[in-house]
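Hi,

Here is the structure I promised to pass on. Have a look at it first, and my notes on the ligand and its surroundings follow below.

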Amino acid sequence: MAVAVYPGSFDPVTLGHMDIIERTAKMMDRVIIGVLKNNSKTPLFSVEERVKMLESITAHLSNVEVQSFDGLLVDFVHQKHADVIVRGLRAITDFEYELQMAQTNRVIAPDVDTIFLTTNLKYSYLSSSIVKEIAYYRGDIGEFLHPEVAEQVRRKLNASVQPDAG
Ligand code: ADP
């Protein structure tokens, strides 16, 4: 049975992430989405909120589950008895960092491989941080997020800082 871990911050999950999740779910027997707890920056959503949103929008995918983790990714992969790590590659700018990560992980855990899925061109420009910036300035984020997630982002931003009136 092939089990994949798809790790990330997912702050918030975008349609680009969803595309990778759906494609991985078709290829693997089981997919565990690993939501990273130890962000260096303060996230917009708590890890519990991110897990809940992911669970809700992947509910139709019976072989996908969502869990949070902290510490080393390879430790999480071992703990889950997974075979591979899945990462998305958007552009050449992702490549250097992703290659470094994959190679480092392979040194510390030679039994764990990383596989890369290239993005759907439709979402190749998309990142959680760009979406947050657009939302912060009250731009339309409906094109980039699942409607449920878009609503959560709007609510969160309404409850927090308002952009400068001046
Ligand atoms: P991280 O904090 O590890 O960068 P992200 O939540 O930003 O995590 O992304 C998790 C994974 O999803 C990474 O492999 C990233 O390259 C991939 N990803 C992010 N945005 C997209 C997108 N628009 N299309 C496809 N893959 C994406």
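A quick definition before the findings: I say that a molecule sits in a pocket if more than half of its atoms lie within 2 Å of the pocket's grid points. Keep in mind, too, that this is a predicted model.

By that rule, the ligand sits in the largest pocket. Two or more residues of the shell around the ligand come from each of β1 (3–8), α1 (15–27) and β4 (84–89). The shell has 15 residues, and the closest are Y6, S9, G88, T119 and Y123. Sorted by class, they come out as six nonpolar, six polar and three charged.

For the side chain of H17, the distance from a ligand oxygen to an N or O atom is 3.3 Å. As for cover, the ligand has 540 Å² of accessible area on its own, and the protein covers 86% of that.

And the pocket itself? Its volume is about 1200 Å³. It is lined by 41 residues, with G8, S9, F10, R87 and Y97 the closest to its centre. β1, α1, β4, α4 (92–108) and α5 (128–136) each give two or more residues to this lining, and α4 gives the most, with seven. The lining has 17 nonpolar, 17 polar and seven charged residues.

Cheers

How values were computed
Residues numbered from 1 in each chain as written. Predicted model: local features only at pLDDT ≥ 70, side-chain atom pairs only at ≥ 80, totals over all residues. Heavy atoms only, no water. Near = heavy atom within 4 Å. Polar contact = N/O pair within 3.5 Å; in protein donor to acceptor, adjacent residues only side chain to side chain. Areas by Shrake-Rupley, 256 points an atom, 1.4 Å probe, with all protein chains shown as cover. 1 Å grid on protein atoms, 1.4 Å probe; cavity = no way out; pocket = protein on both sides within 12 Å on 5 of 7 lines; lining within 4 Å. Helix = DSSP H or I, 4+ residues; strand = E, 2+ residues; numbered from the N terminus. Nonpolar A, V, L, I, M, F, W, Y, C, P; charged D, E, K, R; others polar. Points joined across faces, edges and corners; volume = space filled by probe spheres on them.
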